[in-house]
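I opened this model to go through its strands, its cores, its salt bridges and its surface in turn. The entries below record what I looked up.

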Amino acid sequence: MACLTLLLLPLLLTLNEARIHRLSLSNETRSVVHLNTFGYFANGTLEVNLTSLYLTQISKTNFSTHPVGFSLARSHVNGVLSYTAEETEKCTLLKTRSDDTLILFIIDPLTLSVQVKSFHEEDSILMADQKKEVKETRKKRDDKSNLASGHTKDKAGENKDSTNKGEEKMVEDKTTKNKDAAVSNTKDPKEQKDLEDEEKLKEEKDHEDKKDQKEQKDLEDEEKLKEEKDHEDKKDQKEQKDLEDEEKLKEEKDHEDKKDQKEQKDLEDEEKLKEEKDHEDKKDQKEQKDLEDEEKLKEEKDHEDKKDQKEQKEEKIEEKLKEEKDHEDKKDQKEQKEEKIEEHKKSITEFLTKKGKNINGMKLTLFKFKDSYNFTFHITMGAEDQGLYSLNFHNCYNMKPGIFSPYSLSVHITEKNPAGFLSAAEIPLPRLYICMAAMFLTAAIVWTYTLLKHRYSVFKIHWLMASLAYVKAVSLVFHSINYHFINTEGRPIEGWAVMYYITHLLKGALLFITLALIGTGFAFVKYILSDKEKKIFMIVIPLQVLANVAYIIIEETEEASSEYVLWREILFLVDLICCGAILFPVVWSIRHLQEASTTDGKAAMNLEKLKLFRHYYVMIVCYIYFTRIIAILLKVAVPFQWQWCQEFLIEVSTLVFFVLTGFKFQPASNNPYLQLPQDEEDLEMDEVVTESGALEGISKVKKTSNGRERQRDPAL
């Protein structure tokens, strides 16, 4: 079971991010999609970012009668949504009145606007991009576009080169030429030829002017390049002179050092020194020549390298100039586009904040990118509007019978209260779970102490009950930690979530196995299970695994997904089947004890056991009734901020059930399961004992109903 949980968790943990929801639906045909339910205190916030909405059949849809949009509805105090009792056939977006707080966001793709309607809204604050009136936006947009076009034309005229002017003249001449040609069609052919000759001469003159301008530019560029080259050559000569001066200084220093060494030597070695000097001078000359040759070669190489570098630099400079020009042109184009977009947005929208009843009638901006629509709104709940809210998406066109218009939706929802990301009913849960974990741990320690104290009357099922109590305590600890991180970060930490789901699965399986074993009387009354009891275990254990898997999927799946409703129904059905299945072994045990009390003559013993099993049956029924029925009714009855009492009732009922079960089946001498028979008729002898001398000193052995042996008095 734990392995199954580990295999499922990597997939499940990617589906939901707790109170920060990222939902994506594709090819959806439901008319109503329940996105989420959350309890808001005063100053709680809801931010909805519709990142993309793809609609089909926009041209065929009448959005006035079949609108599309979101609804945010507050429930009544008892937790039932205000619109659930009304007709479900009518679309919520078409409502004109409501008994409780209701905010509608109606999307109109044709006018690119979102109309806001609010009912009974008191002091909440809505922040969004509001759409202005259409006439004003059109006028302002036209004025700004005219100003922007005139401004760009002035800049372009100032920045054009003389070559561009010549081209403009050519274009004007061509246009005048075409006009003159159209007029001269009615004149004589001689006049037309004269006009054509004049135009050709004008074109040749313009062409020659352009050539002269280009040649002048080329000459100027060549002169600049020559000046740069001369400047670089002068720099190179200066550097070479500096190097030669440095080398000469070095040589002089070396020569002085050698002279000093020679003077220090004795006079007797003067002749030898002279010879050596001559020899050394020759060597020095040779070395100098070699050095000069090497320096010359280096200089030549350096000169060639410098030339290559200069050429490369010139090429790079030209490339950079081209790239800079292209980059500047692109920047100018981008800036112009951005200015136009900003002017367009400013002319259409303005970011406003409205409060309370002023929200009704607002028009928000709906942005369009290709075929998708998007917009954002942010709501801050006021003190009078706090409560449990349900956020839904509606496509009223799909409410028609037999019509399925698929759409795709991607939305990012962030819900938060002043104390954290938990809903109002979930804020006390971390402290509740950690307190109940301490109580279950205390009960488990007391139970372990009782088992160690009466170890001779302990069965294996007693240790199974102890392990159940410890696993329950650990599961509550991990559950509390998981809720703590959801409250602080808006999402669970995967490691703690995995540990909680593993312990939760083990706890569920151990609970139903232990209850079924106690109900059959296994290890207390008998050590063998009947075929019917084995079938119960074969049914209950797989169903418990399925129920825990369904619970994990529900916890990690968005409410808006279609799988969420299916797995919730599976969990409810499987849980009821398991609760009913564990009652059958108890009923069979009661019936067996009733028959045994009337046949074998052990009425007192069997009646005690029958009474115990009847009490156990009532305990199981009450446990199921409190945790499955009364808990749900309590959640519906209390206000939204007190709905955590449901979890409190479930945990307290479980603790009381555990304590009573342990008290009824504790390992003690006065337990009905462990009582010894009092009649001599119940003794079962392994051997027939006589009073012969050969058997003197041999003891009788008494075997009880639970299989344990006790030594009696030695035989006489």
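My entries follow, starting with the ground rules and the chain as a whole.

**Ground rules.** I am working on a predicted model, in which local features need pLDDT of at least 70 and side-chain atom pairs count only at pLDDT 80 or more, while totals for chains, interfaces and linings use all residues. Residues are numbered from 1 along each chain as its sequence is written, and side-chain values use heavy atoms, with hydrogens and water left out.

**The chain overall.** I looked up the secondary structure and found 13 helices and 15 strands in the protein chain; helices (H or I, at least four residues) and strands (E, at least two) are DSSP runs, numbered from the N terminus. Of the 716 residues, 36% are buried, where buried means under 20% relative accessible area, exposed means over 50%, and partly exposed lies in between (1.4 Å probe, protein chains only). The accessible surface of the protein chain comes to about 45300 Å², and 53% of it belongs to carbon and sulfur atoms; these areas come from the Shrake-Rupley method with a 1.4 Å probe, and for residues only the protein chains shown count as cover. Among contacts (heavy atoms within 4.5 Å) with a separation of 6 or more, 77% are between residues 24 or more positions apart.

**Strand 4.** Is strand 4 enclosed or open to the outside? I noted that seven of the seven residues of this strand, residues 68–74, are buried, so strand 4 is largely enclosed by the rest of the structure. Both of its faces are covered, with Val68, Phe70, Leu72 and Arg74 buried on one side and Gly69, Ser71 and Ala73 buried on the other. I then checked its pairing, which requires that DSSP finds at least two bridges between two strands. Strand 4 pairs in the antiparallel sense with strand 5 (residues 102–108) over six bridges, and Gly69 has Ile106 as its bridge partner there. Strand 4 also pairs in the antiparallel sense with strand 12 (residues 387–395), over seven bridges, where the bridge partner of Leu72 is Leu391.

**Strand 13.** I followed strand 13 (residues 407–416) next, and found it joined to strand 1 (residues 20–28) by seven bridges in an antiparallel arrangement. Strand 3 (residues 45–55) pairs with strand 13 as well, in the antiparallel sense and over 10 bridges. Thr414 of strand 13 stands opposite Ile20, and Glu47 stands opposite Thr414 too.

**Nonpolar cores.** A nonpolar core is a set of buried Ala, Val, Leu, Ile, Met, Phe, Trp, Tyr and Cys residues joined through side-chain atoms within 4.5 Å. The largest one has 53 residues, and those with the most contacts inside it are Phe440, Leu511, Phe512, Tyr616, Ile620 and Phe657. Helix 7 gives the most to this core, with nine residues. A second, separate core has 40 residues, including Leu55, Val68, Leu126 and Tyr407. I also listed the surroundings of Tyr616: leaving aside neighbours within four places in sequence, Tyr616 is in contact with Leu515, Ile518, Gly519, Val586, Thr661 and Phe665.

**Salt bridges.** I counted nine salt bridges, each being a side-chain nitrogen of Lys or Arg within 4 Å of a carboxyl oxygen of Asp or Glu. Glu28 forms one with Arg30, the closest N and O atoms being 2.7 Å apart; Glu28 counts as buried at 11% relative accessibility, whereas Arg30 is partly exposed at 23%.

Lys310 forms a salt bridge with Glu232, with the closest N and O atoms 3.1 Å apart. Lys310 lies in helix 5 (residues 270–348) and Glu232 in helix 4 (residues 189–264), so the pair ties together parts that are 78 residues apart in sequence. Asp236 and Lys306 meet in another salt bridge, at 3.4 Å from N to O, and this pair links helix 4, which holds Asp236, to helix 5, which holds Lys306, across 70 residues. Asp236 counts as buried at 12% relative accessibility, while Lys306 is partly exposed at 28%. Salt bridges that share partners join Glu232, Asp233, Asp236, Glu239, Lys306 and Lys310 into one network.

**Nonpolar surface patch.** My last entry concerns a nonpolar surface patch of about 350 Å², made by Phe572, Leu576, Ile632 and Val636. Helix 10 (562–581) and helix 12 (603–637) are the elements that give two or more residues to this patch. Such patches are made of residues with over 30% relative accessible area and no salt bridge, like charges being joined within 9 Å and nonpolar side chains (Val, Leu, Ile, Met, Phe, Trp, Tyr) within 5 Å. Ile632, whose place is in helix 12, is partly exposed, with a relative accessible area of 40%.
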